[in-house]
Amino acid sequence: MAYAQITLFGNMGKGAEYKEAKSGTGYLKFSIAVNQYDSTTKEQKPSWFNCQMWDNQKGTRLDKLRPYLEGDAGKGKQLLIIGTPNIWQDTDGNNVLTVKVNELSFGSKDQTKEVKQVTESVNEVFNGEEPPF
């Protein structure tokens, strides 16, 4: 069985938005900008990635993270994400890449003691559990 994994380190655009799937499972939807070097212009240019972080089956994974990621609280936050790429087609037939977040850590500039504890706690809750979708 093949498995693809993607690691992203960058900054959130606008804060995350909480949504619920038809099944009732909650998830956070957000985008992250990752700088890439353009050898032609010799400048850093952002590449944007759409991300989804699904709740666990107990419905407790996102409870502690939502205050740090939703709305203005999440805007510009530096994140390290490890996830699975998911390519799907939108209603116009365009291929769209979405990253399903498996692990999330806050970047060094956002690492307060409280946030670090929340990150560790959430990763423990989700450890080894597959999102219910």
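This is a predicted model: local features need pLDDT of at least 70, side-chain atom pairs count only at pLDDT 80 or more; totals for chains, interfaces and linings use all residues.
Q: What share of the residues in the protein chain is buried?
A: Burial is read from how much of a residue's area stays accessible, with under 20% counting as buried. In this model, buried residues make up 40% of the 133 residues in the protein chain.

Q: Which residues have the most contacts inside the largest nonpolar core?
A: For a core, ask who is in it and which elements they come from. The largest one has 21 residues, and those with the most contacts inside it are Leu8, Phe30, Leu69, Leu79, Ile81 and Leu104. At least two residues each are supplied by β1 (6-12), β3, β4, α1, β5 (78-89) and β6. Zoom in on Leu8: leaving aside neighbours within four places in sequence, Leu8 is in contact with Ile32, Val34, Phe49, Cys51, Leu79, Leu80, Ile81 and Val99.

Q: What about aromatic pairs: how many does the structure hold?
A: Check the distance between ring centres, then the angle between the planes. The structure holds 2 such pairs. Tyr27 and Trp54 have ring centres 4.4 Å apart and planes at 25°. Planes under 30 degrees apart count as stacked, so this pair is stacked. The pair links distant parts of the chain, with Tyr27 in strand β3 (residues 26-38) and Trp54 in strand β4 (residues 43-54), 27 residues apart. Tyr27 is buried at 13% relative accessible area, and Trp54 is buried at 8%.

Q: And how are the rings of Tyr68 and Phe106 arranged?
A: That pair is edge-to-face, at 6.3 Å centre to centre with 70° between the planes. Tyr68 sits in helix α1 (residues 66-69) and Phe106 in strand β6 (residues 95-106), 38 residues apart. Tyr68 is buried, with a relative accessible area of 17%, and Phe106 is buried too, at 4%.

Q: What lies over the face of Tyr18?
A: With a ring, also look for a charged group above it. In this case Arg66 lies over the face of Tyr18, at 3.7 Å from the ring centre.

Q: Is Glu20 buried or exposed?
A: Compare the accessibility with the cut-off: over 50% counts as exposed. Glu20 has 52% relative accessibility, so Glu20 is exposed. Glu20 is found in strand β2 (residues 17-20). Not counting residues up to four places away in sequence, Glu20 touches Thr25, Gly26 and Tyr27. The C-alpha atoms of Glu20 and Trp54 are separated by 9.3 Å, though these residues are 34 apart along the chain.

Q: Where is Thr25 found?
A: Thr25 is in the loop between β2 and β3. At 14% relative accessibility, Thr25 counts as buried. The side chain of Thr25 makes a polar contact with the side chain of Ser23, at 3.2 Å.

Notes
Residues are numbered from 1 along each chain as its sequence is written. Side-chain values use heavy atoms; hydrogens and water are left out. Helices (H or I, at least four residues) and strands (E, at least two) are DSSP runs, numbered from the N terminus. Buried means under 20% relative accessible area, exposed over 50%, partly exposed in between (1.4 Å probe, protein chains only). Contact means heavy atoms within 4.5 Å. Rings of Phe, Tyr and Trp (its six-membered ring) pair if their centres lie within 6.5 Å; planes under 30 degrees apart count as stacked, over 60 as edge-to-face and the rest as tilted. A charge sits over a ring if NZ of Lys or CZ of Arg is within 6 Å of the ring centre and within 35 degrees of the ring normal. A nonpolar core is a set of buried Ala, Val, Leu, Ile, Met, Phe, Trp, Tyr and Cys residues joined through side-chain atoms within 4.5 Å. A polar contact is a pair of N or O atoms within 3.5 Å; within protein, one must be able to donate a hydrogen and the other to accept it, and residues adjacent in sequence count only if both atoms are side-chain atoms.
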